[in-house]
Amino acid sequence: KDKSKNDNRENIYYIILDGAISLERFEEIYGTSTDILKSRLNLKEFNYVKMNSSYFDTGLTVGSIFNLDYVSENLQNHKKNFAPNMLTKENLKYNKPNLIKILEDNEYEFVWYSNSIHDCNIINKSICGKTNKSFFNSYINSYVAINFLSSSPIISIMQKINFKFVYNVYYEHNDALNNFLLNSQTLNKDELNFFFIHSMMPHEPFFYDESCNFINNQKKMTSGYRMNYLCSLKRVKEFQDYIISNDRNAIVIIQGDHGYFFKDKKVLDLRNEKGDYVQWMYENEQKKLLKNYSTFNLIKDDKCKLPKDVEFDNVNSIIFAVNCALNLDLEYKKKRTFFTFE
């Protein structure tokens, strides 16, 4: 294959909205019509494609995206195949995921915009995208630090004095899509890039209102998820506007890595429920259980037609993106859905 920069290859953007349910599922839970939600997006140049996630776990889903296949029986015991372990310096040196191999072979630069849970500054700073981070976010994993200190009186005291000051690190860091947009002017436009942008929204912590301003919804999980979700749609529209203006021929995937569990239209906190409700659903009502796997999925495919005989999920979406951008013919996978948490 001719790898010159004058060929028809394009930038690839793979965006994870962590825990983003489908528009249809959102309507079922919250009563806001799918048409009203779609009106917040640009669907003239982006295709909204229904899908279910492969897993209900970020590590396994993102690991499968980078593996270009499901991280299943033969790989599950090897944590180096999960996110974010597959992107450490050591792993990229000795055990490159299939996606990274293909990108390197085709002279693509890999650029990662991360969040407070999977923080590229801690995992592998060499592949981080440029961001306007505070000192705290640049050198300390805020997610680990705040959780560690939460068992002490320090966080409780600071919360009462200034709640926003304590959790502003989450608010700034988890909005990876906005961090990309704020720094998009620094990108090297002479390079071919694969952008992996992982926003920790609409997933908790719930610190975004509908307009993406800071709000404390930590104890209001159902309304917190709703506001985080609507903020996500706002960011998606802003990103779509950027792409149309600056990188119109790019291949773009925007999707949830997994859905969210709801019970009686309330967000289910699996940490408190200990998984009993979910296990019961798995054993007795699998069809109802699968509703919670229904995830958001937008695909921009100007130069390629979406194959009609492919059932899209996270794995087949990345295969489509690579095939389309690089003019390859990687085989699509038979759709599989796994019930697993650990």
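Me: What makes Cys120 and Cys128 a disulfide?
Reply: This is a predicted model. In it, the sulfur atoms of Cys120 and Cys128 are 2.2 Å apart. The cut-off is within 2.5 Å. So the pair counts as a disulfide.

Me: Why is the disulfide of Cys120 and Cys128 called right-handed?
Reply: Look at the torsion about the S-S bond. For Cys120 and Cys128 it is about 135°, so the disulfide is right-handed.

Me: What makes Trp112 buried?
Reply: Its relative accessible area is 2%. The limit is under 20%, so Trp112 is buried. Trp112 is found in strand β4. It touches residues including Cys120, Cys128 and Phe196.

Me: How do you know that Cys212 and Cys231 form a disulfide?
Reply: Their sulfur atoms are 2.1 Å apart. That passes the test of within 2.5 Å, so they form a disulfide. Cys212 lies in the loop between β5 and α12, and Cys231 in helix α12, so the pair ties together parts that are 19 residues apart in sequence.

Me: Why is Cys231 called buried?
Reply: Cys231 has 0% relative accessibility. The cut-off is under 20%, so Cys231 counts as buried.

Me: How many disulfides are there by this rule?
Reply: The count comes to three. Cys304 and Cys324 also form one, with sulfur atoms 2.1 Å apart. Along the chain, the pattern is 1-2, 3-4, 5-6.

Note on methods:
Residues numbered from 1 in each chain as written. Predicted model: local features only at pLDDT ≥ 70, side-chain atom pairs only at ≥ 80, totals over all residues. Heavy atoms only, no water. Helix = DSSP H or I, 4+ residues; strand = E, 2+ residues; numbered from the N terminus. Buried < 20%, exposed > 50% of the residue type's maximum accessible area, 1.4 Å probe, protein only. Contact = heavy atoms within 4.5 Å. Lists of a residue's contacts leave out its neighbours within four places in sequence.
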